Amino acid sequence: MKILVAEDDQLMLKMLEFRLKKDGHEIVVTHDGREAVAKLEEFKPDLVITDIMMPYLSGLEVVGAVKKKYPHGTPVIILSGMGQENVVLEAFQLGADDYITKPFSPNELSVRVHRFDLSITK
Amino acid sequence: MSWQTFILHVFTYGILLYSILLLVCYVCIGAFSISETRTYLNKNSFTDYRVLASSTEAPSISVLAPAYNEGTTIIENVRSLLSLHYNNLEVIIINDGSKDDSLEKLIDAYDLYRIDFFVNAQLATKPVRGVYKSRNPVYRKLIVVDKVNGGKADALNVGVNIAQNNYYVCIDVDCVLEQDALLKLAKPFLENATERVIAAGGVVRIANSCQIEGGRLVKVNLAKQFLPRVQTLEYIRAFLLSRMAWTRLNGLLLISGAFGAFDRDIVIKCGGYNSETVGEDMELVVRMRRYMEERDEPYRVSFIPDPLCWTEAPSTFKILGRQRNRWARGTIETLRIHKKMFFNPNYGLLGMLSYPYWLFFEFMAPIIEFFGTIGLIIYCLSGPINWSLFMIMLGVLSIGVLYSIFAILMEVLTYNQYKQRKDILRLVLVAILEPVIFHPFVVWSSIRGNFDLLRKHNGGWGEMTRQGFATEKKTVTKLL
Amino acid sequence: MFLAKLLILNEFLPVAYFSRVHYQVIVMLSIAGLIISLLVYMLFYMYFKSKHEKKHDKWRLISDLLIHRAVFYDAEEEDIDETEAQAAIAATARAKKLMHNKHSRKFVTGEILSAKKNMTGTASDNLKQLYQQLGLDKYALKSLKSRLWHIKAKAIQELTVMEMSEYVNQLYAFTNDQVELVRMEAQTAIVQFNGFEGLRFLDIITYPISDWQQIKLLQQLAHVPPVNISIDGWLRSENNSVVVFALKLARNYHRFELHDDILLCLDHADQNVRLEVINYLCEIYTDDTTDELISRFLKEDFKNQLAMIKAMQNIGSEKDILFLLSLLDNESHEMKLTAARALAKIGKSGLASLQGHALAKSYPLNEMVLQIKGELAA
C-alpha cells in the first residue's frame, strides 16, 4: 500500500517510516502540511497518516485537501497528541477515517493501517 | 569664584551625578537580568508545553491582528496565524479601513460570509462595518472584522470588544511567530497562584535577511545591511538585558505592541488602548499597573525571553528616524498622562523606581546627551585645544560598548540565534561602530520627537490637552 | 558619560597634571581590559560549544539506532526467547561508552525521553529496558540528591516519563518541597505511578497548586485507568486550590453522586471555588440546579453571575424563562446577550418568549437576537 506520512517531529517520522516499511508498505514522508498536500498529486497515496499540529497547514487542512481531491477513496488516519473531544469530533466531521492519540502503540498503528489495506483489496 | 565657573560647576556636578546613576543602572540591569534569565532557562529546560496544547483546561485565547493595507501578504500571514499551536483559540483579523483589496482577498481565500454580530462596544471605537466568518469548518477559528479606519489603538479596541476569550494576544500581522509562541506566552497566566498576571510580553527579534517562507521563519540570518544589524544589537540589549531585569523587579512598563498577551477583563476595566497617544502599547501597560496599584491587588507583568516573534526592522534612515521620533513622543505622552505617579509612594515600586527611571533615563537621556555634546564642543572650541577631550570621548563611548558586548555575550550564552562565529564578530564590530554612526542619529530623532510634540503644544495645545485629559478622566472615573 | 564629566571636573580641581593623566589611563585600561576579557570568554565558549555540536550528528545516529532497535524489537514476531530479546535490545558497548560523557549522555537521554513520550505498549516497555540497560536511571537517582533545584526537578521528571516505578518511595518526600518546581514534578510522578491513589498528597500539601500544575495533573490522570476515589474530603480542604482541583476532578470524571455535596460549595467563601462549582454544575446537574443558581444570583459578583447564566445556556429549562427574561434589561450588554442566548437554547418556547419581549424590537436586543439566530443556524 502507498502511504503518505505527514509529521513534523523528526524522530517520530523516522520511526513511522521504519515501522510501516517493515510492514511492507511504500512510504513517502513529509515534514509539514504544505509539503503533504503538494505530494498528494504526484504520489497518489492509498492512505494518508497525518499529525495535526504542523507548520504551514494543519493536519485538519490536510484532511480537507485529501477529501476534496479523492471524495471516495484515500482514507486518512490522524495521529496527534491532541485528544480533546472537540478536536477529535472536528477531525471526523471533516472526514478523517481514524484517530489515534499520542502516546500511541506502533503495533496498534500497524493493525489499524492494515484494516484499510484489506478494504482496498476486497 | 566668578559666576561662569559657578555655572560650570553646577553643570558638571549635575552631569556627574547623572552619569553615576546611569552607570549604577547598567550594573544593576546586568545583574538582575542574569539572575532572571538563569531562573527562566532552568525552569524552561524541562517544561513540556505540549501539555497545554492537548488540554481542555487550557485558557482560551483570542489573537488580535490589526491590518492596514497588507493586501499583498495577508493571506499567507493569516494562514500562519491559523497554524499556530493552540487549540482553544480564535484569530481575529481587524481590517482597519484598508484602502487596498485586503478584505476581498480574505473573503475569497477563506470563503468568508458576513454574519449578524452584536458588537458589545465596551470600549468606544470607530464604527464596525461587518464581521465575517468562514463557511469552511477548517477555518472555524477565524473571525475577520471590517471597520472604519481609526489607527492601531482603535483597531485593537475593536478587537478587544469582539474577542470572546479571557486572554488576548495582540500581534502585528506582518510579524512571523514561532509555532509554539502562544503556548509559551499563555503559561505565565497559569503559573502564579498568589498574584494575578495581568500581561505577558514577548521578545521581538529582527527578521531582516532571515529566510522566511509562507509566513514562517525557516532560517535565522544576521541582517546584511548596517541599519537592521545595529537594531539587532539594540533589540538584544533591550529585551535580553533591560526587560529581563525589570521583570525581576516586577517593574516592567513596556510590552511591545508587536507581541504581547493581556488579561482582557482588566484591559476593558481600565478603558482599553488610548488612541490619543502614539505610544499606546506602553500607555496601556502603565495604566493597567496603575489600576492594580490603586486597588491594591497583588499583580505581575510577566515577560518571556524566548525569541518567538520576528519582525522586519526599518532599513532606511528616513523610516527609522520617523519610528524613533514616534517612540520619543509616545514615551513623553505616557509619562505626562501618568505624572501623578512620579515619586508617589502610593504606587510602590511603580512610582518610586519604574516611572522615575523612564523619566530620567529613557526620556531625558537623549536631551542630556544632546546638550552635553553641544556643551563639550563649545568648551573645546572656546578654550585652548585640550588633548584629554579625546580621551574623555573615548571613555564615554567605551562604557557603552562594554554594555553592548555584555549583551552579545548574554545572547551567545542563552539563545545563540546567530550560530556562526563570523556573525557574532560582526555584531561586536557593530557594537563598536554604533556610538559613532548610529547613536547620534537616534538621539537626533528623539530630539526632533520632543520638538514636534512641543510645536504641537504651541499650535494645537488646546485641542490636544482637552482630548488627552478627557481620556484620563474617563480612565479615572472607571478606576473609582 | 560618567567618565567624561569626571574628567572635566578634574580641570577645575587642583589636581596635579601628572596624576590626572595617570588616572585617565587607568580607567581607560580597565574598561578595555573588561571588554577584551568578555570577548575572550565569548570566543572560548563558542569554540567549545561548536566542538560539542559537531558531535551531535554522531550522537543522534547512535541514539536513533538504539531507539529503533528497541521500539521495533518484537519478541513474539521473531519467535526467539526472552534472553535473546534482552540481548538484542541491549545497547552496544559503544553506546555505553557515550554514557560516561555528560554531554552525550544528556543528548541520548533527551532522545529516549522524547520517543518514550510518544509511545505506548511494547515499544514503550522496550524503551524502558533500554533506559535501564544504559544505566541512565542511576544517573537520575544521583541527580535527585543535587542541591540545585532544577537538576533535582529534572531528574524526577525523567524518572516519571520513563516509568521507573521502583523509585517511587524516594519521591514522596518531595511532594511538599519548598521549591515549587520540585514539588510539581514530584506530585506528577506520584500520580503517574499510583494513579488516583497517588492524589493522597492533596491531604497534606500546604502550598497552593497553580493552574498549570492542575492542568499537568489532569493530563497525567488521563493516562491511567479511572478509579472512584473519594473526593469529598478535599472539597472541605482549607487549601482553596485543592478544593478547586477536586471540583475539576469531579467535573472531568462526571461524579454525579457528589452533586449535593458540591452544591454546598456554592456558598464557599472563595470566589474562584464558587466559579469552579458553577463550571461543574454546567455539566452535572439535576432539575433543581438552576433554582439553586438563581437563588444565589444576586449575592454573586459579576464574573460569577455571568458564569451562572453561561451555565444556563446548557442546563436551562422552561421554568427558568421568567428569570432569564428579567435579565434582558440588565445594564451589561454582555449579560443581556448571554441571557438571550440561554433563552434561545432552551428551545422553541424560550426563543419565542425572547422574540416576544418588549425590548426585542429595538437596539441592542434586536441585533443580539439576529446574532443568536445566526449562531443556531450555523
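In the predicted model described here, A:Val5 has A:Val29 of strand E2(A) as its bridge partner, and five bridges in total join E1(A) to E2(A), the two strands running parallel. Helices (H or I, at least four residues) and strands (E, at least two) are DSSP runs, numbered from the N terminus, and two strands pair if DSSP finds at least two bridges between them. Residues are numbered from 1 along each chain as its sequence is written, while chains are lettered from A and ligands numbered from 1 in the order in which they are written. Because the model is predicted, local features need pLDDT of at least 70 and side-chain atom pairs count only at pLDDT 80 or more, whereas totals for chains, interfaces and linings use all residues.

E1(A) and E2(A) belong to an open sheet of five strands in chain A, with the order E2-E1-E3-E4-E5 and parallel pairing. Its edges are formed by strand E2 (26–30) and strand E5 (98–101) of chain A, each of which pairs on one side only. On average, neighbouring strands of this sheet are turned by 15° against each other, direction ignored; axes are lines fitted to C-alpha atoms, for helices over the stretch in contact, and angles run from 0 to 180 degrees between N-to-C directions. Strand E1 (residues 2–6) of chain A is joined by four bridges to strand E3 (residues 47–50) of chain A, again in parallel, and A:Ala6 has A:Thr50 in E3(A) as its bridge partner. Helix H1 (residues 10–22) of chain A packs on the sheet and touches E1, E2 and E3 of chain A, its direction making about 170° with that of E2(A); contact here requires that the C-beta atoms of two residues, placed from the backbone, lie within 7 Å. E1(A), H1(A) and E2(A) make a right-handed β-α-β unit, a crossover being right-handed if, with the strands pointing away from the viewer, the path from the first strand over the helix to the second runs clockwise.

Strand E4 (residues 76–80) of chain A is mostly covered, with five of its five residues buried, a residue being buried if 20 or more other C-beta atoms lie within 10 Å of its own, exposed if 12 or fewer, and partly exposed in between, with C-beta atoms placed from the backbone. In a regular strand the side chains alternate between the two faces of the sheet. In E4(A), A:Val76, A:Ile78 and A:Ser80 point one way and A:Ile77 and A:Leu79 the other way, and all are buried. Three bridges join E3(A) to E4(A) in parallel, with A:Ile77 as the bridge partner of A:Ile49, and these two strands make a right-handed β-α-β unit with H3(A). Towards E5(A), E4(A) forms four bridges, likewise with the strands running parallel; A:Ser80 stands opposite A:Thr101, and E4(A), H4(A) and E5(A) make a right-handed β-α-β unit.

At the interface between chains A and B, 17 residues of chain A are in contact with twelve residues of chain B. Helix H3 (59–69) and helix H4 (85–93) of chain A each supply at least two residues of the side of chain A that touches chain B.

Chain B contains an open sheet of ten strands with mixed pairing, in the order E3-E4-E5-E2-E1-E6-E11-E8-E12-E7. Strand E3 (112–115) and strand E7 (176–177) of chain B stand at the edges, each with a single partner strand, so one side of each is left without a neighbour in the sheet. Within this chain, six bridges join strand E2 (residues 89–96) to strand E5 (residues 142–147), which run parallel, and B:Ile92 stands opposite B:Ile143 in E5(B). Among the contacts of B:Ile92, not counting residues up to four places away in sequence, are B:Val63, B:Leu64, B:Val145 and B:Ile162.

B:Ile92 is also one of the residues that touch the most other members of the largest nonpolar core, which has 246 residues; such a core is a set of buried Ala, Val, Leu, Ile, Met, Phe, Trp, Tyr and Cys residues joined through C-beta atoms within 7 Å. The largest share of this core, ten residues, comes from helix H7 (residues 226–248) of chain B.
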